[in-house]
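Here is a friendly walk through one model, from its open space to its core and its backbone. Please load the structure and keep the residue numbers at hand.

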Amino acid sequence: MLQQELQVCVSLIDELQANRERKKDNESVAKKNTAFFDTYNLCLVPILNSIKAIRTLKNFQFSSSLLEDFRRLILLTESFFQKKAVSDIFNYKKEVSKLNDRFAVEWKAGRISDDQEMMQKLNMLKPLQSEKREITQVLYCFNAINNWPINAQAVENYIFAKEKARQVLSEMNLDADIEVFLQKVSERKATLADLDNNILAWIKRECLEERFSLGVKELKIGV
């Protein structure tokens, strides 16, 4: 009788231990799945949406090595969905984060290279803008699209802003001498000697006389 009770007790202990192990395994799987879907939704999906959003932009292409690494990550993600299991969530999160950073670096470098000259001219003209502050709004859209990941609205705003920037620069009739003068003004290095007939005519033509002022530079006398 005692032997039977002991056997039943041992069986109950074994079953309890097995249940604990199953619960532990289930919790581990649930934890991996949660981490996977968090990484997928918060990091991978924004990359996919960003790539889709920038298709309307011309003259930009991510490096082939980055796109190939991204393709391999997509295939790995698809395999997780098919198997309904995540093999190594730590490395998966690490790879997604690393690729996202690489996309951000390449994207920002491309935007700066593409828009640098136009933004430089706009920044020179910014102090001369009208009350509508159109140049400030354009520059905001230019800067906003540098931030990765991006969305379709940011791209749409950027395309509109770039067209507006072309219009503003065209209407201002800038030539090389005027650009040099405005650059000196922005750096507070312009003097009366820089005001030749061409620049004075441009200032009057654009009705900017009230936007410029004169000052006196204090001379430093060496002892």
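## The largest pocket

The largest pocket has a volume of about 810 Å³. A pocket here is an open set of points on a 1 Å grid over the protein atoms alone, where a 1.4 Å probe fits and protein lies on both sides within 12 Å along at least five of seven lines. Grid points are joined across faces, edges and corners, and the volume is the space filled by probe spheres set on the points. Lining residues have an atom within 4 Å of a point. There are 25 of them, and Val 185, Ala 190, Phe 212, Ser 213 and Leu 214 are the closest to the centre of the pocket.

This is a predicted model, in which local features need pLDDT of at least 70 and side-chain atom pairs count only at pLDDT 80 or more, while totals for chains, interfaces and linings use all residues. Residues are numbered from 1 along each chain as its sequence is written, and side-chain values use heavy atoms, with hydrogens and water left out.

Which helices supply at least two residues each to the lining? They are α6 (176-186) and α7 (197-205), with helices taken as DSSP runs (H or I, at least four residues) numbered from the N terminus. The most comes from α6, which gives four residues. By class, the lining has 15 nonpolar, four polar and six charged residues; Ala, Val, Leu, Ile, Met, Phe, Trp, Tyr, Cys and Pro count as nonpolar, Asp, Glu, Lys and Arg as charged, and the others, Gly among them, as polar.

## The nonpolar core

In soluble globular proteins, nonpolar side chains tend to be buried together. In this model, the largest nonpolar core has 50 residues, and Trp 107, Leu 182 and Trp 202 have the most contacts inside it. Such a core is a set of buried Ala, Val, Leu, Ile, Met, Phe, Trp, Tyr and Cys residues joined through side-chain atoms within 4.5 Å. Buried means under 20% relative accessible area, exposed over 50%, and partly exposed in between (1.4 Å probe, protein chains only).

Elements giving two or more residues to this core are α1 (2-53), α2 (64-83), α3 (89-125), α4 (134-144), α5, α6 and α7. The most comes from α3, with 11 residues. Lys 121 is placed in helix α3 and is buried, at 19% relative accessible area. Its C-alpha atom is separated by 8.8 Å from that of Leu 182, 61 residues apart along the chain.

## Helix α5 and its ends

Helix α5 (residues 152-172) has 21 residues and reaches 30 Å from its first C-alpha to its last. That is close to the expected 30 Å, which is 1.5 Å times one less than the number of residues. Its buried residues include Tyr 158, Lys 162 and Lys 164.

At the start of α5, a side-chain oxygen of Asn 151 comes within 3.1 Å of the backbone nitrogen of Gln 153, a polar contact (N or O atoms within 3.5 Å, one able to donate a hydrogen and the other to accept it; residues adjacent in sequence count only if both atoms are side-chain atoms). After α5 comes Asn 173, with a positive phi near 50°.

## Loops worth a look

Trp 148 and Pro 149 are joined by a cis peptide bond, with omega about 0°; Pro 149 lies in the loop between α4 and α5. Asn 173 is in the loop between α5 and α6 and is partly exposed, at 43%. Arg 188, in the loop between α6 and α7, has a positive phi of about 60° although it is not a glycine. Is Arg 188 buried or exposed? Arg 188 is exposed, with a relative accessible area of 78%.
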